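Colleague: I would like to go through this model slowly, word by word. For each term, please tell me what makes it apply.

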Amino acid sequence: MSQVQILGQGKIENLPWEDRPAGSTEPVWRYSKNPVIPRDLIPSSNSIFNSAVVPYKGEFAGVFRCDDRTRRMVMHRGFSSDAVNWKLDPEPLRFECDEPEIADFVYGYDPRVVWIEDRYYVTWCNCYHGPTIGVGWTKDFETFHQYENAFLPFNRNGVLFPRKIDGNFAMLSRPSDNGHTPFGEIFYSESPDLTYWGKHRHVMAPVENSWQATKIGGGPVPIETSEGWLLIYHGVLTSCNGFVYSASVALLDLEKPWKVIARAKPYAISPQTLYECVGDVPNVVFPCAALCDADTGRLAIYYGAADTVTGLAFAYVDELVEFAKKNSL
């Protein structure tokens, strides 16, 4: 196994962790007490899934997708001392915005959160005449500010890189349509100010006759390593019983992230447990966040399960990098 250096990450002494089960050789393994967040953690929620968490003041904070009991897709902030036991604000998250038209969005879902320079940035799927990518920021998880939408409809899975590239903010996205997209490829874009986006580059496409044959999309914030950006992403297979969402890994070039260095052919995790296979949307594993401890290379990955609850899984950065390289397409 190569000794992969993890860049731009600090030590997380209280990172949640559970060793790989005896006899297992899986690159990603599940927390034995999953789901880590149940569907009814707050009184108004029908389901809590596809959410993002980050280290915050020695503990943890996050933005959570909580579909309410009218089935409206909204986001809530939450806090935890151990990243396992969470307390969510029962009130939906509100953004301050200079443009009332932009602030008055119909729904928001599937957030990602990333620290860049001096603040936490939030991206999410935002309804503005169809799904597009909302962008906001906070410094304290108390007050949230909203920018202009990053792109025209239709787009989903906006994932910011944790540092600027060539002086610009950088984002992965998945152009789509107004329905439950029956296609999807990952693209890269840059912006000097998080308002005006360009330098669009194609990154990856689905792979025929595989777990990622229908569409793919970015997952957690990419992790910078000496081998490239480690990207955990989801892929979708259209089966005779509908969509099946799984996840795997790829390595992207550090300075030109639209260039793929390696991409694992097999999935790293797929829906196999009851809470992943049975729920509002069966057969879904959808990662949106990963906590990384640079000293040990340990990863704690948070993922939506069956669009109903939130699961936690574990991996090593070294092993995922090797998994991508040894099994590359």
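Modeller: Let me begin with two terms: helices (H or I, at least four residues) and strands (E, at least two) are DSSP runs numbered from the N terminus, and two strands pair if DSSP finds at least two bridges between them. The model is a predicted one, in which local features need pLDDT of at least 70 and side-chain atom pairs count only at pLDDT 80 or more, while totals for chains, interfaces and linings use all residues. Residues are numbered from 1 along each chain as its sequence is written, and side-chain values use heavy atoms, with hydrogens and water left out.

Colleague: How do you know that E20 and E21 pair, and in which sense?

Modeller: Strand E20 and strand E21 (residues 298-305) share 8 bridges in the antiparallel sense, and at least two are asked for, so they count as paired. Within this pairing, alanine 289 has tyrosine 302 of E21 as its bridge partner. The hairpin of E20 and E21 has 4 residues between the strands, and in that hairpin glycine 297 takes a positive phi near 75 degrees.

Colleague: Why is E20 called largely enclosed?

Modeller: A residue is buried under 20% relative accessible area, exposed over 50% and partly exposed in between, with a 1.4 Å probe and protein chains only. In strand E20 (residues 285-293), 8 of the 9 residues are buried, so the rest of the structure largely encloses this strand.

Colleague: What makes E7 mostly covered, and how many bridges join E7 to E8?

Modeller: In E7, 8 of its 9 residues are buried, and E7 pairs with strand E8 (residues 119-127) in the antiparallel sense over 7 bridges. Isoleucine 116 stands opposite arginine 119 in E8, and in the hairpin of E7 and E8, with 2 residues between the strands, glutamate 117 has a positive phi near 65 degrees.

Colleague: What makes E2 and E5 edge strands?

Modeller: The order E2-E3-E4-E5 describes an open sheet of 4 strands with antiparallel pairing. Strand E2 (45-56) and strand E5 (87-88) each have a single partner strand, so one side of each is left without a neighbour in the sheet. E2 pairs with strand E3 (residues 59-68) in the antiparallel sense over 9 bridges, and proline 55 stands opposite phenylalanine 60 in E3.

Colleague: Why is asparagine 149 called buried, whereas glutamate 142 is called exposed?

Modeller: Asparagine 149, in the loop between strand E10 (144-146) and E11, has a relative accessible area of 11%, which is under 20%, so it is buried. Glutamate 142 lies in the loop between strand E9 (131-138) and E10, and its value of 51% is over 50%, so glutamate 142 is exposed.

Colleague: Which side chains make polar contacts with asparagine 149 and glutamate 142?

Modeller: A polar contact is a pair of N or O atoms within 3.5 Å; within protein one must be able to donate a hydrogen and the other to accept it, and residues adjacent in sequence count only if both atoms are side-chain atoms. The side chains of asparagine 149 and asparagine 126 are joined by such a contact of 2.7 Å. The side chain of glutamate 142 makes one of 3.1 Å with the side chain of arginine 77, although glutamate 142 and arginine 77 are 65 residues apart in sequence and 8.6 Å apart in space, C-alpha to C-alpha.

Colleague: What lines the largest pocket?

Modeller: On a 1 Å grid over the protein atoms alone, a pocket is an open set of points with protein on both sides within 12 Å along at least five of seven lines, a cavity is a set where a 1.4 Å probe fits but cannot get out, and lining residues have an atom within 4 Å of a point. The largest pocket has 25 lining residues, of which Gly8, Gln9, Val54, Pro55 and Trp115 lie nearest its centre. E2, strand E7 (108-116), strand E16 (223-225) and E20 each supply at least two residues of this lining, and the largest share, 5 residues, comes from E20.

Colleague: Which residues line the largest cavity closest to its centre?

Modeller: The structure holds 1 cavity of 30 Å³ or more, where a volume is the space filled by probe spheres set on grid points joined across faces, edges and corners. The largest cavity has a volume of about 80 Å³, and of its 13 lining residues the closest to its centre are Val28, Ile232, Ala247, Ile269 and Ile301. Strand E18 (242-252), E20 and E21 each supply at least two residues of the lining of the largest cavity, with the largest share, 3 residues, coming from E18.
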